[in-house]
Amino acid sequence: MEKELTLSCGFRKLRVKALVGVWEHELDQAQDLDISLKLHYAPEKAAILMEIDDLAQAHDYARAADLIRAACQERHHGLLEHLAGRLVSLLRREYPACVGLDILVEKPGALSDAQGSFAELSWRL
């Protein structure tokens, strides 16, 4: 029995500036976020991409990075969880052929005794 083919693309730790947080000192000072994204292809699209070399057939992760940067800077976000949800909704609209995605939003330095805080959200068709 043949196993299902899986293929994804994306990026790790895209550094963006964002107004994010609920504490008073976070309300008017942009902070660094690291965002990782994985966009999943349908098995039939994965098979096509293994045979052709055509960006028009692929999920353009550079465009996804631009969309994420813009969304992070357009307004203040209180919670990382809320921001992750907004990014998933945006990316689902922009990539209708995507059958799933994983996004990790990290806030380095949010805790003095940890590498940072995070919200991670996964969506599948």
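This note covers the pockets and the nonpolar core of a predicted model.

1. Basis. The model is predicted, with local features needing pLDDT of at least 70 and side-chain atom pairs counting only at pLDDT 80 or more, while totals for chains, interfaces and linings use all residues. Residues are numbered from 1 along each chain as its sequence is written, and side-chain values use heavy atoms, leaving out hydrogens and water.

2. Core. The largest nonpolar core has 33 residues; such a core is a set of buried Ala, Val, Leu, Ile, Met, Phe, Trp, Tyr and Cys residues joined through side-chain atoms within 4.5 Å, where buried means under 20% relative accessible area (1.4 Å probe, protein chains only). Leu33, Ile35, Leu37, Ile68, Ile103 and Val105 touch the most other members. Seven of the core residues come from α3, the largest share. Helices (H or I, at least four residues) and strands (E, at least two) are DSSP runs, numbered from the N terminus.

3. Val105. Leaving aside residues up to four places away in sequence, Val105 has contacts (heavy atoms within 4.5 Å) with residues including Leu33, Ile35, Leu83, Leu87 and Phe118.

4. Pockets. A pocket is an open set of points on a 1 Å grid over the protein atoms alone, where a 1.4 Å probe fits, with protein on both sides within 12 Å along at least five of seven lines; lining residues have an atom within 4 Å of a point. Grid points are joined across faces, edges and corners, and a volume is the space filled by probe spheres set on the points. The largest pocket has about 270 Å³, and Trp23, Glu26, Lys107, Ala110 and Ser117 are the closest of its 18 lining residues to its centre.

How values were computed: Buried < 20%, exposed > 50% of the residue type's maximum accessible area, 1.4 Å probe, protein only.
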